Amino acid sequence: MFSRISSAISLLFISLFAQYGAAADEVLSAPATSEQGADITRGVTPMTTSDPFSTEAVLQLLLGLLFVIALIFLLAWIARRSLGVTQTGRHMRVITGLPLGAREKVVLVEVGKEQMLLGVAPGRVNLITRFDEPVVDIGEPEGAFGQRLVEALQRRTDS
């Protein structure tokens with residue numbers, strides 16, 4: 001999915017830069033003459049200045065800004081959909097998940113003090129089993145990193 005999006009974005013930029021390149025080639029290849037018919041150095045054009053607050057400049061700025069904002073929202077939506085970024089509530093959270101296939105997974109969810117194992121497939125969520133006592137204790141982090149993090153937090157609160 002990311003390869004399709006990145007190729008679409010690269011094609012968009014290539015087409016934009018190709019238009020500017022074609023315009024530059026036309027300017028450089030056109031023979032330039034002065035009013036008296038004498039040749040002028042190629043590629044040198046008189047500099048023109050435009051008002052930075054003209055309607056065209058402001059419209060171009062706003063359209064570019066809207067494009068960037070829309071791109072940010074699109075990338076956030078893709079990240080949420082593909083990377084599994086979820087929002088957590090106060091009384092309900094996803095503890096862990098295990099993919100079983102391309103589109104199926106098993107998810108352990110905690111609701112209050114109860115944990116549930118759910119089977120998740122496209123368009124379906126099934127309760128596999130319900131645990132009265134926690135199966136996974138999420139109170140203490142596992143591994144060396146978790147222990148170091150707890151120690152660092154304790155030292156910070158003691159200071």
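These are my notebook entries on a predicted model of one protein chain.

**Entry 1: the overall layout**

I started with the secondary structure and counted three helices and four strands in the protein chain. Going along the sequence, I wrote the pattern down as α-α-β-β-β-β-α. Next I looked up the surface, and the accessible area of the chain comes to about 14,000 Å². Carbon and sulfur atoms hold 61% of that area. How much of the chain is buried? Of the 159 residues, 8% count as buried. I also checked the contacts with a separation of 6 or more, and residues 24 or more positions apart account for 11% of them.

The four of them make an open sheet in the order 1-2-3-4, and the pairing is antiparallel. Which strands stand at the edges? They are strand 1 (92-99) and strand 4 (124-131). Each of these has a single partner strand, so one side of each is left without a neighbour in the sheet. I noted the twist too, which averages 25 degrees from one strand to the next.

**Entry 2: strand by strand**

I looked at the pairing of strand 2 (residues 105-111) with strand 3 (residues 114-121) and found seven bridges between these antiparallel strands. Leu 108 sits opposite Leu 117 of strand 3. Then I followed strand 3 to its other pairing: seven bridges join strand 3 to strand 4, again antiparallel. Here I picked out Gly 119, whose bridge partner in strand 4 is Asn 126. Strands 3 and 4 form a hairpin, and two residues lie between them. I checked the turn, and Gly 123 there has a positive phi of about 80 degrees.

As a reminder to myself, side chains in a regular strand alternate between the two faces of the sheet.

**Entry 3: salt bridges**

Side chains of opposite charge can pair when their charged atoms come close. How many salt bridges are there? I got two, counting a Lys or Arg side-chain nitrogen within 4 Å of an Asp or Glu carboxyl oxygen.

I took the pair of Glu 110 and Arg 93 to begin with, where the N to O distance is 3.1 Å. Glu 110 is in strand 2 and Arg 93 is in strand 1, so I logged this as a link between distant parts of the chain, 17 residues apart. Is Glu 110 buried or exposed? Its relative accessibility is 12%, and because buried means under 20%, Glu 110 counts as buried. Arg 93 has a relative accessible area of 38% and is partly exposed.

The other pair is Glu 114 with Arg 130, and I read 3.3 Å between the closest N and O atoms. Glu 114 lies in strand 3 and Arg 130 in strand 4, so the pair ties together parts that are 16 residues apart in sequence. I looked up the exposure of both: Glu 114 is partly exposed at 25% relative accessible area, and Arg 130 is partly exposed at 45%.

**Entry 4: a nonpolar patch**

Last, I went over the surface for nonpolar side chains. Which residues form the nonpolar patch? They are Val 58, Leu 62, Leu 65, Ile 69 and Phe 73, and together they have about 470 Å² of accessible area. I checked Val 58 on its own and placed it in helix 2 (residues 55-83).

Definitions and conventions. Residues are numbered from 1 along each chain as its sequence is written. This is a predicted model: local features need pLDDT of at least 70, side-chain atom pairs count only at pLDDT 80 or more; totals for chains, interfaces and linings use all residues. Side-chain values use heavy atoms; hydrogens and water are left out. Two strands pair if DSSP finds at least two bridges between them. Axes are lines fitted to C-alpha atoms, for helices over the stretch in contact, and angles run from 0 to 180 degrees between N-to-C directions. Patches are made of residues with over 30% relative accessible area and no salt bridge: like charges are joined within 9 Å, nonpolar side chains (Val, Leu, Ile, Met, Phe, Trp, Tyr) within 5 Å. Accessible areas come from the Shrake-Rupley method with a 1.4 Å probe; for residues, only the protein chains shown count as cover. Buried means under 20% relative accessible area, exposed over 50%, partly exposed in between (1.4 Å probe, protein chains only). Contact means heavy atoms within 4.5 Å.
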